[in-house]
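Look over the sequence and the model before reading on. The paragraphs below go through the structure step by step.

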Amino acid sequence: MIQLEKIKAALEAVEACCGHCAVCSPSCPIAVSRRALAGLRDDLLDAAPDDDGTVKQEV
């Protein structure tokens, strides 16, 4: 799945940009990006067909 691979690469890029501050603010642009991309990744995984071809959840 090409989209999922791109999302995983984007998550890795966001991690590379993170300064790993001692106190991470929820309004930090890196934290916001990480949450958004992780949510999209989870949605794509939920919408992906299983081995038997069935979809767990419609998006």
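Where is the place of Cys 28? In this predicted model, Cys 28 sits in the loop between helix 1 and helix 2. Its relative accessibility is 25%, so Cys 28 counts as partly exposed. The C-alpha atom of Cys 28 is separated by 9.8 Å from that of Cys 18, and the two cysteines are 10 residues apart along the chain.

The protein chain has 2 helices and 0 strands. Helix 1 covers residues 2–17 and helix 2 covers residues 29–47. Two packed helices are described by the angle between their axes and the distance between the axes. Here the angle is about 160 degrees and the axes are 10 Å apart. Angles over 145 degrees count as roughly antiparallel, and helix 1 and helix 2 are therefore roughly antiparallel to each other. The crossing of helix 1 past helix 2 is left-handed.

Which residues in helix 1 meet helix 2? On the helix 1 side they are Gln 3, Leu 4, Ile 7, Ala 10, Leu 11, Val 14, Glu 15 and Cys 17. Their partners in helix 2 include Ile 30, Ser 33, Arg 34, Leu 37 and Leu 44. Sorted by class, this contact of helix 1 with helix 2 has 12 nonpolar, 2 polar and 3 charged residues.

Some totals describe the chain as a whole. Of the 59 residues in the protein chain, 17% are buried. The chain exposes about 4500 Å², with carbon and sulfur atoms supplying 59% of that area. Among contacts with a separation of 6 or more, 35% are accounted for by residues 24 or more positions apart.

Methods:
Residues numbered from 1 in each chain as written. Predicted model: local features only at pLDDT ≥ 70, side-chain atom pairs only at ≥ 80, totals over all residues. Heavy atoms only, no water. Axes fitted to C-alpha atoms, helices over the stretch in contact; angles between N-to-C directions. Helix = DSSP H or I, 4+ residues; strand = E, 2+ residues; numbered from the N terminus. Parallel < 35°, antiparallel > 145°, perpendicular 65-115°, else oblique. Left-handed = near helix turned anticlockwise from the far one by under 90°. Contact = heavy atoms within 4.5 Å. Nonpolar A, V, L, I, M, F, W, Y, C, P; charged D, E, K, R; others polar. Buried < 20%, exposed > 50% of the residue type's maximum accessible area, 1.4 Å probe, protein only. Areas by Shrake-Rupley, 256 points an atom, 1.4 Å probe, with all protein chains shown as cover.
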